[in-house]
Amino acid sequence: MIDLTYRNLESYNQAKEKAKNNPEAFWSEIAANFHWHKKWDTVLEYNFHKPEVKWFIGGQLNITENCLDRHLETQPDQTAILFEPNNPSEAAQHISYKDLHSRVCRVANMLKANGAKKGDRICIYMPMVPELAIAVLACARIGAIHSVVFAGFSAAALAARINDASCSMLLTADGGYRGDKVTPLKDIADEALKKCPTVNCSIVLKRTGQAISWNTKDVWWHEAIEKADDHCPAEIMDSEDPLFILYTSGSTGKPKGMVHTCGGYMVYTAYSFQNVFQYNKGDIYWCTADIGWITGHSYIVYGPLAVGATTLMFEGVPSYPDFDRFWEVCAKHKVNQFYTAPTAIRALEKHPVALVNKHDLSSLKVLGSVGEPINAEAWHWYDDHVGKNKCPIVDTWWQTETGGILITSLAGVTPQKPTYATLPMPGVQAVLLDNDGNELSGEQEGILAIKHPWPSIARTIWGDHERYKNVYFSAYPGYYFPGDGALRDTEGNYRITGRVDDVVIVSGHNLGTAPIENALDEHENIVESAVVGFPHDIKGNALHAFVIPREPVADNETLIAELRTLVANTIGPIAKPDRIQVVSGLPKTRSGKIMRRILRKLAAGEYDQLGDVSTLLNPEVVEEIKRNS
Ligand code: PRX
């Protein structure tokens with residue numbers, strides 16, 4: 001195992017100072033802990049106005065040699081992936097570094113035998129089984145760019161992502177288990193592939209054994225792997241070669257394919273993983289995210305494996321077979337670091353605490369939270385009942401675009417403060433801005449921005465560098481703008497207050513309102529729609545859609561049911577609005593712009609905070625919406 005960790009406040013403060021005074025020397029020293037085929041010539045070149053960011057330029061490496069081969073000399077038998085299946089009666093799997101290395105090499109050879117090569121884009125649409133992590137690593141092994149699509153997305157969403165990156169191959173499975181449900185992944189993939197001319201091979205893992213249809217481009221995983229041997233030299237990559245694409249929602253209908261590159265991403269995910277969670281050799285670390293999201297990429301696969309950790313991968317859901325599954329798994333595998341989302345905590349908090357107490361959680365040392373602001377009640381429940389007031393809680397703020405955790409405490413090393421993500425990591429320069437882009441000092445509320453690059457910042461949006469510039473670097477020139485608001489206390493701790501754009505975080509999932517509106521507008525009887533978020537007890541936020549029908553309908557319920565299905569089919573079930581309200585108009589300015597601020601207040605029931613609506617083009621619709629909600 002490599003050790004990049006600050007174990008006390010003194011070394012943390014020294015690191016912070018060093019990173020501030022000489023970022024390049026700081027990152028260079030950290031990067032020297034990894035295996036490079038060729039050392040970089042230049043640590044960093046950047047220009048946030050262009051924008052352009054490059055790290056460890058001229059360096060050559062393969063991330064899988066750092067995640068796998070390197071550990072074979074020191075800890076071949078250490079468990080790399082500990083797999084806990086959805087069904088508790090199915091045996092857990094302990095996959096050692098040696099086994100993982102050989103399985104990754106075999107899959108890498110299987111990909112090559114089916115035509116994949118360096119630079120190709122390979123889409124992965126799989127359940128949370130070890131083969132998913134293996135597939136990701138196998139792509140990296142041969143220098144193919146993986147694009148993992150969360151297995152809850154619809155056929156249309158999958159096709160859009162495959163086509164955006166012109167993927168040549170799809171890796172999928174017959175089906176996937178999640179709680180008491182079986183997702184027909186192959187059927188969904190078949191539907192998607194009808195619209196994906198660039199895919200010339202689809203490799204299918206048998207997981208559920210359910211009946212599926214078979215097409216000419218399909219290959220069974222278990223048959224193809226038979227022919228693949230376990231020796232596969234790693235493709236040598238430039239530090240700035242793309243490692244993967246991962247799609248995230250934006251303010252327009254089209255998802256953004258964030259591109260992460262090999263060198264900087266490896267250095268930052270490993271560095272942040274070890275420091276934030278204070279991982280020690282032999283610890284069992286569990287992140288409950290899905291590998292379909294950035295949290296799974298950075299903190300189930302790459303970060304933990306790069307330092308030689310044991311990472312637990314869970315196929316199921318917190319409620320199956322009962323609401324104590326998380327705690328049962330923690331006790332069963334003696335989990336030391338547990339990293340989950342506030343929405344899961346809030347859902348579990350609603351159930352009797354006896355469900356937590358019946359399990360021995362004494363192995364837990366560190367708790368983590370990610371994906372959305374954690375409210376005080378959930379924070380204290382987590383602290384009291386799961387951590388028994390003895391486990392530090394790291395509230396980690398970051399994004400798909402940032403690649404790794406940027407603002408957080410380090411477990412047990414730096415002070416925590418409930419509901420605050422606290423301080424930027426050493427090497428991260430966060431600031432608060434006012435609306436005009438002036439830096440604020442001291443205790444303030446404002447717009448969060450980052451003023452110097454860190455190694456794992458996304459380098460572009462696949463195929464659309466202009467959009468990358470517009471979304472992240474144009475609002476406040478000279479800064480990276482993440483789209484979040486924050487407040488800062490006198491000690492410099494940050495509390496994230498939420499999105500300042502049209503993205504809503506629902507159950508920790510980042511959902512743009514625009515793609516949902518586009519989906520609703522596809523209905524033949526919908527003229528216009530507007531979707532906003534409103535506060536929700538468990539999900540943090542939920543969606544309220546206002547829709548205007550072309551013709552009034554006798555039965556709104558049927559229309560609403562059709563609209564919900566339409567959203568599920570176009571994007572995925574996670575995007576279905578909680579509420580759909582049929583209205584005759586939307587509040588608009590005289591120039592015709594929808595007043596989302598008013599819709600947000602209406603959806604939240606905050607009628608006394610609507611402000612002056614008399615200047616609207618159509619103030620009467622506000623009354624109508626209030627009357628009918
Ligand atoms: O609004 C912030 C929220 O999640 C957004 C990023 O979403 P995504 O790219 O899907 O990545 C989620 C996992 C890293 C952010 O812009 N967010 C994430 N973590 C936190 C958070 N909000 C408050 N506190 C956090 N710890």
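Let's start with Pro-321, which is found in the loop between strand E17 and helix H11 (325–333). Helices here are DSSP runs of H or I with at least four residues, strands are runs of E with at least two, and both are numbered from the N terminus. The peptide bond from Tyr-320 to Pro-321 is cis, with omega near -5°. A cis bond also joins Lys-50 and Pro-51, with omega about -15°. Pro-51 sits in the loop between strand E1 (42–47) and strand E2 (52–57). Why point these out? Because most peptide bonds are trans, and most residues other than glycine have a negative phi.

That brings in Thr-419. Its phi is near 70°, a positive value in a residue other than glycine. Thr-419 lies in the loop between E20 and E21.

A word on the source: this is a predicted model, where local features need pLDDT of at least 70 and side-chain atom pairs count only at pLDDT 80 or more, while totals for chains, interfaces and linings use all residues. Residues are numbered from 1 along each chain as its sequence is written, and side-chain values use heavy atoms, with hydrogens and water left out.

Now the sheet that holds E17. Seven strands form an open sheet, in the order E5-E4-E17-E16-E18-E19-E20, with mixed pairing. Two strands pair if DSSP finds at least two bridges between them. At the edges are strand E5 (93–96) and strand E20 (393–396), each pairing on one side only. From one strand to the next, the twist averages 20°. Which residue of E17 is the bridge partner of Ile-284? That is Thr-310.

H4 touches strand E4 (79–84) and E5, and its direction makes about 80° with that of E5. H5 touches E4, E5 and E17, and its direction makes about 125° with that of E17. Touching, or contact, means heavy atoms within 4.5 Å. For the angles, axes are lines fitted to C-alpha atoms, for helices over the stretch in contact, and values run from 0 to 180 degrees between N-to-C directions.

How do the two helices meet? The axes of helix H4 (residues 97–113) and helix H5 (residues 130–142) come within 8 Å and cross at roughly 65°. The contact includes Leu-100, Val-104 and Leu-111 of H4, and Ile-134, Leu-137 and Ile-142 of H5. By class, that contact has 12 nonpolar, one polar and four charged residues. Ala, Val, Leu, Ile, Met, Phe, Trp, Tyr, Cys and Pro count as nonpolar, Asp, Glu, Lys and Arg as charged, and the others, Gly among them, as polar.

Next, a hairpin. Strand E27 (residues 503–506) and strand E28 (residues 509–512) run antiparallel, joined by four bridges. Ile-505 has Asn-510 as its bridge partner in E28. Two residues lie between the strands, and Ser-507 in the turn has a positive phi of about 50°.

Further along comes another open sheet, with three strands in the order E29-E30-E31 and mixed pairing. Strand E29 (526–536) and strand E31 (579–582) are the edges, each with a single partner strand, so one side of each has no neighbour in the sheet. Strand E30 (residues 540–549) runs parallel to E31, with four bridges between them. Val-547 stands opposite Val-582 in E31. Helix H17 (residues 556–570) packs on this sheet, touching E29, E30 and E31; its direction makes about 130° with that of E31. Helix H18 (residues 596–603) also packs on the sheet, touching E29, E30 and E31, and makes about 55° with the direction of E29.

The structure holds six cavities of 30 Å³ or more. On a 1 Å grid over the protein atoms alone, a cavity is a set of points where a 1.4 Å probe fits but cannot get out; a pocket is an open set with protein on both sides within 12 Å along at least five of seven lines; lining residues have an atom within 4 Å of a point. Grid points are joined across faces, edges and corners, and a volume is the space filled by probe spheres set on the points. The largest cavity has about 90 Å³. Strand E9 (residues 176–178) gives the most to its lining, three residues. The second largest pocket has about 370 Å³. Its lining has 17 residues, with Lys-16, Lys-20, Pro-424, Val-428 and Ala-430 nearest the centre.
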